[in-house]
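Subject: Structure handover

Dear colleague,

Here is the structure I said I would pass on. My notes follow below it.

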Amino acid sequence: MSINVPEKYWWDIPLDQDEKTWIKVAIVWCILLTVMMPWWHISGNQNPSSEFYRITTDNFDKLTDKFIAKYKVGEEEGIDVVAPPANTDVFVRGSQWMWEPILKLKKNQTYRIHLSSVDVNHGFSIVPINMNFQAVPGWDYVLTLTPTTSGEFHIVCNEFCGIGHHTMIGKIYVE
Amino acid sequence: MAEHNDEHRPRGTVVLIYIFLACFVIFTYLNWKQLSDVWTVG
Amino acid sequence: MNWKFRVCPTTGLKVHDSAETLIQVNAVTAIVFLLVGGALALLMVLTRWQVVHILPADYFYRLLTLHGIAMLVAWIIFFEMAVLYFASAVLLSHRLAVPWLAWTQYILMLVGAAMVTVMVLMGKADVMFTSYIPLQAHHMYYLGVILFAVGAILGCIVFFATVTSAKVEGAYEGSLSLVTYGAAAAAIIAILTLAHGAIALIPTWLWALGVIPMMDPEAYILMFWGFGHSSQQINLCAMIAIWYLLGTLTVGSKPISEKYCRTAFLFYILFVLIPSEHHLLVDPGLSAAHKVWNTGYFMHLAILASMMHAFSVPAYVEVALRKKGYTKGLFGWLKEAPWGNPAFSSLVFSVVGFGFLGGISGVVYGTEQINIISHNTLRIPGHFHATVVIGTTMAFMGVTYYVLPLIFKREVAFPTAARWQPYIYGTGMTIFSVAMMFVGGFGVPRRHWDITAADAVFQLNYGPVVNIGLAITAIGGILAAIGGLMYCLIAVATLLIGKKIPQEA
Amino acid sequence: METEEKERRVNYWQVFYDDIFLLFFLGAAIFLISYTIWGLIELSAAPLSPLV
């Protein structure tokens with residue numbers, strides 16, 4: 001019984017054949033699961049970025065404002081729309097409760113997205129493509145992003161950030 | 001010992017556990033597949 | 001020694017009266033929080049069902065915070081304290097060491113849980129279970145969590161003291177029983193977990209008081225999940241210990257290879273805590289090496305452990321049933337199993353639901369890259385409702401059907417309702433979890449009051465499939481709420497009007 | 001036979017498995033080194049933004 005003290009020399013009781021076989025099969029599967037992660041870093045196209053910097057929220061605020069002023073092409077619902085050229089630094093600022101600016105990107109072009117927040121934690125979720133990253137105050141998270149489909153995408157905040165959390169919606173256009 | 005009596009071997013569980021492993025493999029594959037369809041990020 | 005004991009007429013175990021009282025108070029408090037959390041759960045699903053959308057936004061977030069704490073912290077950890085005292089004092093037929101410390105555990109946890117509940121209900125702590133800084137709650141909220149954690153550490157210390165004194169005083173020879181060993185694994189993990197909780201929350205408490213500056217938000221996330229995720233591994237160990245216990249109580253299964261089962265528990269103790277990393281995979285601040293190594297459970301050895309238990313628990317049940325003569329074909333034993341025994345059906349739901357739904361999804365969503373398409377979507381609550389609710393909660397519910405006669409000395413009231421309860425609850429939660437994970441695959445966020453974003457500058461439409469999925473989630477949730485309410489009523493009715501079981505003097 | 005049984009040494013692996021306090025320290029060491037300390041070192045070693 002599993003509630004009683006086991007036999008004194010339980011270590012010496014051999015495993016059943018079924019148990020032995022299952023352990024071997026399971027180990028092979030566990031090794032595969034482990035190997036997949038480094039392997040995808042080498043040959044896959046979707047990996048969480050390892051590029052990040054510490055930055056004060058004030059400095060990130062200023063960098064975003066400078067970026068918006070440089071590439072602004074219009075406004076939508078009072079939010080600035082920017083069209084940065086490919087391979088440039090792009091800033092996305094999360095704050096209670098908006099994502100700024102609205103981005104106009106080109107399909108199959110690469111951008112260095114700097115993601116951060118200037119108040120509390122926010123979740124950067126691109127829908128409907130379903131990609132999710134965390135925007136943390138004090139941290140500049142650099143995502144080297146290449147949109148591979150075109151259309152209109154929304155940025156949804158998916159980290160609770162206060163009572164207005166569900167109104168925090170941004171936009172990305174990919175042409 | 002009774003455990004080595006073939007009548008008492010957990011043969012049903014052996015079948016069930018491989019069904020479980022198959023589900024695990026399929027679910028893992030589907031998720032990697034879904035991941036490979038999203039935008040490139042690094 | 002003049003410790004007061006009674007002998008349980010069913011199991012022949014000696015039960016120390018202090019242990020018995022403490023198991024009773026912890027279990028009853030746990031069930032009260034389950035009732036509270038369950039009522040809140042109903043409001044949650046009825047809000048996320050966009051057609052019904054019952055709560056206003058501020059109450060949704062506030063009560064979601066309380067739902068998480070009442071269920072994930074209060075119900076489970078109070079019940080685990082009862083499990084620890086049962087697995088040490090009762091299963092070893094020994095006295096509970098230092099009862100006053102155990103009472104301190106109970107009072108600290110109760111005061112802590114009450115403080116947290118009051119602060120959240122007053123609207124002073126709309127911060128969710130995670131309470132990520134710089135979002136700030138009232139300082140009493142953090143103090144409540146800290147008191148609760150300290151109380152739980154004391155409970156673990158009482159467990160180790162009881163096991164040690166049982167060994168010293170010769171209550172058992174050789175090794176601990178497998179169930180007690182699993183409980184020991186849970187207690188070890190609990191201490192490590194709660195220590196991280198203290199490291200995360202004590203500076204945060206002092207910050208909320210204005211004594212010290214705020215710690216780095218990413219460092220908080222790292223420390224918080226050392227607590228928040230690892231505490232789910234306490235549930236894992238406690239649940240698996242209860243699987244073996246229920247196997248023994250319901251069909252008389254016994255471990256064929258102690259070496260096999262104990263190795264699996266050893267892998268848990270050593271390797272199951274590092275994947276707290278799951279919550280930081282798409283965060284800035286940590287290198288790919290740290291992420292791959294830690295989310296990989298040390299070459300997935302902790303996953304190997306779960307897969308080993310996934311084989312041995314049903315295998316031992318099968319062997320026990322085959323030895324009773326149910327040897328027909330591959331699955332003849334399964335047909336003859338005691339399906340009418342709520343403890344057995346709870347065990348089956350727990351094992352199958354934990355393995356097929358919670359376990360698989362957890363490993364896959366916790367893979368470094370796949371987290372990009374899962375982080376903070378409804379896939380995550382879908383996953384952990386399968387592990388913590390179908391897995392842990394159903395195991396705890398199942399064992400209650402034995403705890404009531406053994407510890408409360410009363411026959412289970414409404415036996416017909418008890419027969420059906422696991423099926424209703426298990427089916428409801430299965431529908432709920434599967435639908436939630438499915439919807440999450442479309443990127444639907446968790447902890448979100450309105451995914452149509454009706455009040456925002458831009459509106460969203462996830463499409464009809466998601467809307468139907470959320471409706472199915474809600475229906476599963478309602479069914480589960482009915483099953484959960486049945487459980488609470490059966491337990492309360494048993495305590496109040498259940499027929500007393502005569503005890504030997 | 002009976003006395004021989006009693007004098008048999010318990011396998012040292014079994015002794016190791018039974019020593020729950022040793023397991024506690026090993027578990028603590030692996031968790032703290034691999035997750036907590038390594039993590040905190042990485043966070044504190046993060047570079048400052050070159051853009052400011």
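H4 of chain C makes the largest contribution to the lining of the largest cavity, with five residues. This is a predicted model, and that applies to everything below. The largest cavity holds about 180 Å³ of space. It is lined by 18 residues, and those closest to its centre are C:Ile69, C:Val73, C:Phe129, C:Val145 and C:Phe227. Besides H4 (139-168), the elements of chain C that give two or more residues to this lining are H2 (57-90), H3 (99-121), H5 (178-208) and H6 (217-228), each of them a helix. Sorted by class, the lining of the largest cavity has 15 nonpolar residues and three polar ones, with no charged residue.

The search of the whole structure found ten cavities of 30 Å³ or more. Of its 13 lining residues, C:Ala82, C:Val83, C:Phe86, C:Val399 and C:Val403 are the closest to the centre. H2 of chain C gives the most to the lining of the second largest cavity, namely five residues. At least two residues each come from helix H1 (17-48), H2, helix H7 (230-251) and H13 of chain C. The class count for the second largest cavity is 13 nonpolar, no polar and no charged residues.

Helix H13 of chain C, residues 379-407, also contains C:His383. Is C:His383 buried or exposed? Its relative accessibility is 17%, so C:His383 counts as buried, the cut-off being under 20%. A polar atom of the C:His383 side chain lies 3.3 Å from the backbone nitrogen of C:Gly362. Leaving aside residues up to four places away in sequence, C:His383 touches C:Gly358, C:Ser361, C:Gly362, C:Tyr365 and C:Met437.

The last item is helix H9 of chain C, residues 288-295, which is mostly covered, with six of its eight residues buried. The buried residues are C:Ala288, C:His290, C:Lys291, C:Val292, C:Asn294 and C:Thr295.

Regards

Methods:
Residues are numbered from 1 along each chain as its sequence is written. Chains are lettered from A and ligands numbered from 1 in the order in which they are written. This is a predicted model: local features need pLDDT of at least 70, side-chain atom pairs count only at pLDDT 80 or more; totals for chains, interfaces and linings use all residues. Side-chain values use heavy atoms; hydrogens and water are left out. Helices (H or I, at least four residues) and strands (E, at least two) are DSSP runs, numbered from the N terminus. Buried means under 20% relative accessible area, exposed over 50%, partly exposed in between (1.4 Å probe, protein chains only). A polar contact is a pair of N or O atoms within 3.5 Å; within protein, one must be able to donate a hydrogen and the other to accept it, and residues adjacent in sequence count only if both atoms are side-chain atoms. Contact means heavy atoms within 4.5 Å. On a 1 Å grid over the protein atoms alone, a cavity is a set of points where a 1.4 Å probe fits but cannot get out, and a pocket is an open set with protein on both sides within 12 Å along at least five of seven lines; lining residues have an atom within 4 Å of a point. Grid points are joined across faces, edges and corners, and a volume is the space filled by probe spheres set on the points. Ala, Val, Leu, Ile, Met, Phe, Trp, Tyr, Cys and Pro count as nonpolar, Asp, Glu, Lys and Arg as charged, and the others, Gly among them, as polar.
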